[in-house]
Every structure is written in C-alpha cells, then in structure tokens.
Amino acid sequence: MTDDASTDQPAAEIAPTTISHGPGDGAVSAEKHGMFGVAGSGDTSGFGGLVRDKWVAPAAARPYGSYFDELVDNLQIVYPEFDAAVTKIVVDRDELTLEIKREHLLGIAGALRNDQSLRFELLSSVSGVDYFDANQPESARLHSVYHLTSMTYRRRIRLEVALTVSDPHVPSLTKLYPTADWQERETWDLFGIIYDGHPALTRILMPDDWDGHPQRKDYPLGGIHVQYKGATIPPPDERRVYK
Amino acid sequence: MTEFAPSRQTTEGRVYNLTGGDWDSVMAEVGPFKQERLVLNMGPQHPSTHGVLRMVVELEGETVTDMRTNIGYLHTGIEKNVEFRTWTQGVTFLTRADYLAPLFNESVYCLGVEKLLGVEVPARAQLIRLLLMEINRVSSHWVALATGGMEMGALTAMTNGLRARERCLDMFELITGLRMNHAFIRPGGVAQDLPEGAVEALRQWIKDIRGEINGLRKLVGQQPIWINRLKDVGWLGVEGCLALGVTGPMLRAAGLPWDLRKTEPYLGYETFDFEVPTEDTGDCWARFLVRVEEMWQSVRIIEQALERLEPGPVWVDDPKIAWPAKLSIGPDGMGNSLEHVQKIMNGSMESLIHHFKLVTEGFRVPPGQVYTTVESPRGELGAHVISDGGTRPYRVHLREPSFVNLQSTAALCIGGMISDVIASVGSIDPVMGGVDR
C-alpha cells in the first residue's frame, strides 16, 4: 500500500451497498471490504466500495435428496463415529459435502473406499481453498477439499477439512489413495497445508526455495521480488492509478 | 580426473559427473568400474520428454532401477490469476492450461460457472461445444500419436500426424478465429455462431480426416518396428490405474470402459451413438489402439452433431449474463460488430451502460462451490469452482488429467529398458501446460 493511498477516500466512506446473493440464505453478519486492503477506488473489481456479507453454506436437513440419504445412511453404519466426525452436511447444487474433523479423515476415507455399499475407488481431486478473513486471522480458513468418485455406483462426494494457519496439519491420504501424492504436494506448495504421513512433502510447482504459499488469499498477485532478474512488480492495486 | 568427468568422493564411492563427450575415451581414463550405477538426467529440455518434463533415471546397464519425475517448469499461476479476472475473462486464462485441448478447459470451467449460476445454455450452443470438443479430441490424439512417433524415430508418423492435426486447426480457425487459446466457449454460451459454410467445411473435414486415420492405420498398424517398440511396454493394470488416479485412454487400454461421456453424460452425450473403445493388455500398444479408435468414434459423433444442428440462439436468454456484443470478422480480424458499435455509440445510452457494466465489471455468481467434469483426451478433467458471490472467481482448481496421470511414470518405467521410458512417457501423453498450470 502506498502512502498516498491513505489520502484517498477510504472504501468505507463510499456509500456502502449490501449485495443480495439471490438464492440461499447462508449469509452471516461478518462483512467484507474489497480485496487486499484496497483503500481507494483503484479497485476495478467492482466491489472496492461495496460491503458484502460473508457467505457460509447452510447445513442441509433431511431428506437430502438424490442418492445422498442412502449414502449418508450407509456411511453412518460403516463408520459408527459419524456424528462426532462430521461437523456439517451441505447439499448444494446437487452436490454432497461432508465437512469433517481431521482426526476422522482417514477413518471416513477408508470407510468410503473399502465398504462394499460405498466403494469410492477413485480419489478424483485434492485441492485447497483459503477462506481468508482479515478480521479473524485465527479462523479455520484453510480448507483441504477431496472429491471422491464411486465408479461402481457412479456417485460423487466431497470431503472438506478446515484448518487454521497456525496448525495446518491434516493426515495424508497417500496410503489409502496413492494418487493423493502429487495433489497433496501441490496443495502444500500453494496453500501451506501440511499432510502428515506424506512420503515426501516437497514443493512441486514452485521452485524448491520459494518463500510463502502463493495461492493463499493474503499473498498478493505480483509484488514479489523476482529472484532471477531483480525486478519488482507492484501488486495490482498499486500498478495503475485509476484514481 | 578427466576433461569430461570431474569427480568427487562421497559416502557411496566416487561419483563422476558426465555432461557429454565420448563414453569410450572417458572410460579409458577413469578405468574399469567395480560398481556401475548410472544416474541419468533427462530433460527438462530433452526433445523426447514431451515438453519441459524432467526425469531423473537410475540405470543398471540399460535397465531402469529407479526414477523420479520433476515438474513445475511451466507453472504460470493460471489458477491464481483467474481470481483477479471476471468470470468471463477467466476462460482466457484456463484455455492456456492444457494447450492441446483448450476447448475442454473452457467447457469444464463454463459448465461449472453455469452450474453455480443455475443456467443452461441453449441447445445450439451445447451442440457447438460438443462439436468443438470432439474435433479437439481428434486433434489432441493426432499430436499424441505424432509426437509419440517422433520420439521413437518414426518421423513419417509425425509429419502425417501434424498434417492431420493441421486440418483440425483449420476448422478451429474457421469457427473460432484462432488455432489455439480460443476463449470461444464462455459462461452462458459460445462467443459466436458457426460462420457461413462451416457445416460444409466440416463435412469435407470428416472425409479428409477419415482418410488420414485410415492412412495412419496402414502406415504403422502393421509396422513391425512400431509394434515391437510398443507391445508389452509400459504396462499398467486397472488396479494400478485406479490407485494412481489414472483415467482416460490409459485406463481404457487397461480394460475398464470408464468414459465420462457415457458414465456421467453432459451436453447431451447420452443421445449420441458411439462406442467406448477398450483393450485389455494395458501396454503402450493398447493405448495407441485406443487412441486411434477414439478418433474414429469422435468423427462419428461429429457427423451426428452436424445432422442435429438447428438454427437458434447461442447465448442464454438472460441479458444480465449473455455477452452484449456480437462479434464479426472485420478487415483487421475478429472484433466487435460494427452494427453493435453503432448501436451503443449512437443509438442507445442504456445499451452503452449495460455493455460497459457487463464487460468491465462482469456479472455476479451466487456463492457456493461445484465440481464439474468432462472427459478430456487425457481423462477426467475436473473444475472445482468456488464463488463468494462476487464478479470474480473465488477459487478455480483444475483437476488436470495430465498432472495426475504423470504420477504413473515410475510405475510404467522401473524395471524396463531406458529406451522404453520414451515410449511409456509418450503413451501417457502428458501436456506440460496442463501439468504445471
């Protein structure tokens, strides 16, 4: 942030407008102002002067619809600690999400893979998401998201584990699903989620000696010292003056 | 110490670093080895490694005893960049991920955004998307066969393959205006309707490409060297594929007929008549056969799609989402149509405001997350798209089949010969743009 930015009209003083999200009533009271501390109207993203409600997916109630009820029933039978493990069940846009505690990740994934009524043979994808909130730096903002596919039943399920930045540990799924190897390395590289028990958790896309985890939301786009040329590119809000 | 081989003493014995020169003259100076363990670095600029892929291969004689794959040389931060663009601009970035299958990247992302928006594109736009993806599947498989052939010294396979791919690129140029990086499929529809004469050109293309496929079958289908290089090489069975997350032609070559076009149909694939080719030997030869047959089946789909094309809109009927401008080809290439510019600049102030808002700020997408998939030429291409309700994607993750499949290199290569490494990696068909994103 440049010094002259403080002399500009701060975002909060531009008449705040609350944006309606349309369907879904998951809005909670937390507010969000711009991105990356944009102060003036230099933000061309359209919400520099807007205040938006932070959105949290609402928990689903039975019946979940589709094959979700049967799937959850079966998982409850196979994994008796289900109620302690699952913090929230979300059904949104025909997709089932189980938000689970990390202690139970291996148990749930093992049950999903091994039980004949579930048979999730394929771990399609592991990815990270950073639900960054500048007002709550110690919130469980880092999410490790798993997409599992059952080829036998042609079903999909999403598992989500939420972690804090100060304790970003989650058990690795490499022993259950070897395909998690590179995908967990990528998530470690870009989000800094530590997968305990991974055979070689090293950077995979960024150079080995890179500092920081670039896809975290508090990691700016640009503005990083380019180690090869000694050049510095300013972050987007300082790059061009629209003020 | 020789000119070619500086050495150092390690706990595992003396280690020599060779970077060139004549093997015999080095050996004459170094003297006979008691123990010969060769660590060979291949890539990232090796012509046979399919782009900037680096492999570190440990050899015992000519047998591979260990292997590591090193990626990241083409990491361009596409997923990070997309978070700073509008939903429509995101296509421009994602199309560059797997640059040999750009229309699949565009489609899977747009399907995700549309699922978040809760809209469905009109039938004609769906058919155009399907049509383009199938042409793209053919062109991608041609590159896989051409470069795979080149890496094994079959240069005629390469020249023929690239000639056939050129025919596909001509179709892309005709329809989208570009040969690569189209950004043609966009959330809410496709950028433009098919140009005049496209259907006739595609019918001619079908004839030509069938000739090319038959030519390939004649050229290498019975060729003994080609067969010897591929048969029983780089084996991976169904269990191995599933454990490593390998999908696409590799999985089908191992015997599992898993094709998302059949198992989880999208864009109306369930109404088309086509086969899912499989083999059961799980080697490079089986993958070659599967790819050739898949091209044939794609041409069948294209033929049916052309029959079904009916006039209609190519954008969703929602002016808050659909791109306001019609494009047209002018003297300086593709651009906004003059008619539209006339309207917004001279006719209607409201149109101008609407155009400006939608193009610069973009539309809002209701918050939530989705995971959509399509069957790309390399397997399950997934898009994990998250919106926080804003005009820009909160997070987009591509589940890239190239990235996941490439994990199988060690399983394919260890225990085989060094020359088979080339054939095996070629049969995975990784595209580094997709691997590194």
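## Helix H1 of chain A

The buried residues of H1(A) pack against helix H2 (82-85), strand E3 (86-92), strand E4 (95-100), helix H3 (105-114) and strand E7 (155-163) of chain A. The model in which this packing is seen is a predicted one. Helix H1 of chain A spans residues 68-78, and A:Leu71, A:Val72 and A:Leu75 are buried in it. Because these buried residues fall within an arc of 95° when H1(A) is seen down its axis, they line one face of the helix.

## Chain A as a whole

Chain A contains 5 helices and 9 strands. Along the sequence these elements follow the pattern β-β-α-α-β-β-α-β-β-β-β-α-β-α.

Of the 243 residues in chain A, 37% are buried. Among the contacts in chain A with a separation of 6 or more, 57% are between residues 24 or more positions apart.

## Backbone features in the loops of chain A

The loop between strand E2 (51-55) and H1 of chain A holds A:Pro63. The peptide bond that leads from A:Arg62 to A:Pro63 is cis, and its omega is near -5°.

Two arginines of chain A have a positive phi although they are not glycines: for A:Arg93 the value is about 50°, and for A:Arg154 it is about 55°. A:Arg93 belongs to the loop between E3 and E4 of chain A, while A:Arg154 belongs to the loop between E6 and E7 of chain A. A:Arg93 is partly exposed, because 17 other C-beta atoms lie within 10 Å. A:Arg154 has 10 C-beta neighbours inside 10 Å and therefore counts as exposed.

## The contact between the two chains

In total, 39 residues of chain B are in contact with 37 residues of chain A. On the side of chain B that touches chain A, at least two residues each come from helix H2 (78-82), helix H4 (102-117), helix H9 (238-243), strand E10 (368-376), strand E11 (379-387), strand E12 (395-399) and helix H15 (401-405) of chain B. E11(B) gives the most to this side, with 4 residues. By class, the residues on the side of chain B that touches chain A are 14 nonpolar, 14 polar and 11 charged.

A:His147 lies in strand E6 (residues 142-150) of chain A. Because 24 other C-beta atoms lie within 10 Å, A:His147 is buried. Apart from neighbours within four places in sequence, A:His147 is in contact with A:Ser124, A:Ser125, A:Arg156 and A:Arg158, and also with B:Tyr371, B:Gly382 and B:His384. A:Thr174 is 27 residues away from A:His147 along the chain, and the C-alpha atoms of the two are separated by 14 Å.

## Strands of chain B

Strand E1 (residues 7-10) and strand E2 (residues 13-16) of chain B run antiparallel and are joined by 4 bridges. The hairpin that joins E1(B) to E2(B) passes through 2 residues. Within this pair, B:Gln9 has B:Arg14 in E2(B) as its bridge partner.

Chain B also has an open sheet of 3 strands in the order E3-E4-E5, with antiparallel pairing. Strand E3 (38-42) and strand E5 (63-70) of chain B each have a single partner strand and stand at the edges, so one side of each is left without a neighbour in the sheet. On average, neighbouring strands of this sheet are turned by 20° against each other, direction ignored. The antiparallel pairing of E3(B) with strand E4 (residues 54-60) of chain B extends over 5 bridges. B:Leu40 stands opposite B:Val57 in E4(B).

## A helix pair in chain B

Helix H5 (residues 123-151) and helix H17 (residues 418-428) of chain B have axes that come within 9 Å and cross at roughly 175°. H5(B) and H17(B) are therefore roughly antiparallel to each other. From H5(B), B:Thr147, B:Gly148 and B:Glu151 meet B:Ile422, B:Gly426 and B:Ser427 in H17(B). Classed by type, this contact of H5(B) with H17(B) has 1 nonpolar, 4 polar and 1 charged residues.

Methods
Residues numbered from 1 in each chain as written. Chains lettered and ligands numbered in written order. Predicted model: local features only at pLDDT ≥ 70, side-chain atom pairs only at ≥ 80, totals over all residues. Contact = placed C-beta atoms within 7 Å. Nonpolar A, V, L, I, M, F, W, Y, C, P; charged D, E, K, R; others polar. Buried ≥ 20, exposed ≤ 12 C-beta atoms within 10 Å, placed from the backbone. Arc of directions from axis to C-beta. Pairing = 2+ DSSP bridges. Axes fitted to C-alpha atoms, helices over the stretch in contact; angles between N-to-C directions. Parallel < 35°, antiparallel > 145°, perpendicular 65-115°, else oblique.
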